[in-house]
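Please look at the sequence and the model before reading on.

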Amino acid sequence: MNRQESRYRWAVFFAVLLAYYLIVSQRTAPGLITNQLMHTFHISAATIGLMGSLQFLAYAVLQIPVGLLSDRFGPNRFLVIGAFLDGLGTLLYSISGNEYMLMGSRFLVGMGDATIFVNFVAVVNQWFQAREFISLLGIIGVAAGLGSLTATVPYALWISAAGWRVPFFAVGLVIIACAMLLYVVLIAKPKRMFDEHPGASGSRLRPHDHVAATLRRMFSTRQAWATAMCHFGLVGTYVGFIGSWGVPYFMQVFGLSRAAASSLLMCGLFGAMAGGPVTSALATRFGMTKRIYTFVHAITFLSWLIWFLIGDRPPLWSIIVLLVLIGFGNGGSSLTFAVVRDSFPIEMVGVVSGFSNMGGFVSAVLLPSLFGYVLGLFPLHTLSLGYHYGLLIPALFSLVGFVGVRLIRQPMYMEAGTHVSV
């Protein structure tokens with residue numbers, strides 16, 4: 001039975017999609033309890049920023065190693081291990097007794113999260129045909145939006161009703177259960193169905209002695225650096241702000257409750273859920289990936305810039321519009337991996353995907369800490385001014401993304417299996 005023609009490939013896709021959805025929710029959920037953590041553990045805004053940065057630091061640092069290992073051994077076991085680590089870290093976060101345990105648990109969550117997306121892309125490469133790839137990236141983008149959406153009003157209401165520890169404990173258990181499901185779906189059952197070693201199909205694509213040459217080729221390629229810059233500008237600005245300072249911004253600048261602040265963040269998430277499938281559909285239909293992606297970056301940069309320029313007391317309706325546009329840009333970031341897939345040979349797709357993805361989370365590492373540092377420069381009664389100047393950071397970061405997309409050479413996929421960038 002051919003994997004790419006079997007109906008079982010959809011069971012594989014949706015099992016990994018479920019785990020991805022839950023794991024994405026844990027990227028931004030801690031932002032809901034920023035004020036509670038500061039009060040309970042008597043920690044500063046800078047410490048909260050550092051905590052968020054540690055999670056994304058683990059994610060960013062592991063992207064290239066995870067990509068190399070995925071290319072060499074296949075993605076299956078790394079998805080299982082990653083889901084387990086993410087669930088374990090979430091459990092430990094829920095029972096933390098001090099800020100050091102909070103930081104350690106978030107670092108563990110980041111380690112688990114680091115394995116998910118790159119290996120998910122590898123799974124799609126293995127189980128689906130090339131013509132299905134961009135469309136599936138759009139579905140993955142919707143799942144990411146739903147995960148982030150879950151970490152707004154639903155989580156906020158759950159936290160208000162049960163306290164912050166119970167939700168994180170429960171979700172940690174569910175993610176660990178997902179790790180067990182992934183073992184069955186990705187490893188145990190395919191081994192029986194397809195009569196092959198569980199690491200087969202795409203494993204050992206690169207001999208060990210070619211790793212150094214592959215890394216040299218990647219780091220010397222303009223296309224790889226350009227895609228990393230793209231993700232730096234789109235993903236890191238969105239995830240870094242929403243996951244750490246989005247809720248406190250609306251609570252402290254506009255005096256909203258946690259639930260109300262979370263509901264406003266949903267506007268950005270609706271934009272993200274639309275951005276993935278819309279941009280993927282346009283790229284598939286018209287084959288103009290670079291032009292569409294350039295438009296996405298331009299919208300995102302202008303949105304962050306306008307948010308900064310309209311001052312420290314902007315009209316609430318204008319922020320809602322800007323959040324939708326910024327979210328749309330984050331959803332459209334899936335086109336990064338369409339560019340990667342069409343620009344590099346299959347044995348390099350994993351590591352280049354990891355490098356590109358790392359760009360987004362380097363940005364997400366830097367933004368919470370820099371934002372927290374800026375806020376720390378202002379006394380409590382002028383925090384709205386601190387948030388105003390803090391917004392210059394994502395504006396500058398998104399400019400890096402726009403420069404990156406302009407550096408991309410339009411990829412052209414050749415049916416014979418070669419990849420050319422022009």
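The model is a predicted one, in which local features need pLDDT of at least 70 and side-chain atom pairs count only at pLDDT 80 or more, while totals for chains, interfaces and linings use all residues. Residues are numbered from 1 along each chain as its sequence is written, and side-chain values use heavy atoms, with hydrogens and water left out. Helices are DSSP runs (H or I, at least four residues), numbered from the N terminus.

**Two helix pairs**

Two packed helices are described by the angle between their axes and the distance between the axes. Axes are lines fitted to C-alpha atoms, for helices over the stretch in contact, and the angles run from 0 to 180 degrees between N-to-C directions.

| Helix pair | Angle | Axis distance |
|---|---|---|
| α14 (residues 289–309) and α19 (residues 392–407) | about 165° | 8 Å |
| α4 (residues 76–94) and α5 (residues 99–114) | about 160° | 7 Å |

Angles over 145 degrees count as roughly antiparallel. Helices α14 and α19 are therefore roughly antiparallel to each other. On the α14 side, the residues that meet α19 include Tyr 293, Thr 294, Phe 301 and Trp 304; on the α19 side, Leu 399, Phe 402, Val 405 and Arg 406 are among them. Contact here means heavy atoms within 4.5 Å. The residues of the contact of α14 with α19 divide into 12 nonpolar, five polar and two charged. In this grouping, Ala, Val, Leu, Ile, Met, Phe, Trp, Tyr, Cys and Pro count as nonpolar, Asp, Glu, Lys and Arg as charged, and the others, Gly among them, as polar.

One residue of this contact can be followed in detail. Thr 294 lies in helix α14 and is buried, with a relative accessible area of 13%. Buried means under 20% relative accessible area, exposed over 50%, and partly exposed in between (1.4 Å probe, protein chains only). Apart from its neighbours within four places in sequence, Thr 294 is in contact with Phe 402, Val 405 and Arg 406.

Helices α4 and α5 are likewise roughly antiparallel to each other, and their crossing is left-handed. Among the residues that meet are Leu 85, Asp 86 and Tyr 93 in α4, and Met 101, Arg 106 and Val 109 in α5. The residues of this contact divide into eight nonpolar, five polar and three charged.

**The salt bridge**

Which residue forms a salt bridge with Arg 9? The partner of Arg 9 is Glu 132, and the closest N and O atoms are 3.1 Å apart. A salt bridge is a side-chain nitrogen of Lys or Arg within 4 Å of a carboxyl oxygen of Asp or Glu, and the structure holds one. Both Arg 9 and Glu 132 are buried.

Gln 4 lies in the segment before α1 and counts as partly exposed, at 26% relative accessibility.

**A loop residue**

His 42 is placed in the loop between α2 (34–41) and α3 (45–73). Its phi is near 55°, a positive value in a residue other than glycine. At 70% relative accessibility, His 42 counts as exposed.

Technical notes
Helices (H or I, at least four residues) and strands (E, at least two) are DSSP runs, numbered from the N terminus. Angles under 35 degrees count as roughly parallel, over 145 as roughly antiparallel, 65 to 115 as roughly perpendicular and the rest as oblique. A crossing is left-handed if the near helix is turned anticlockwise from the far one by less than a right angle, and right-handed if clockwise.
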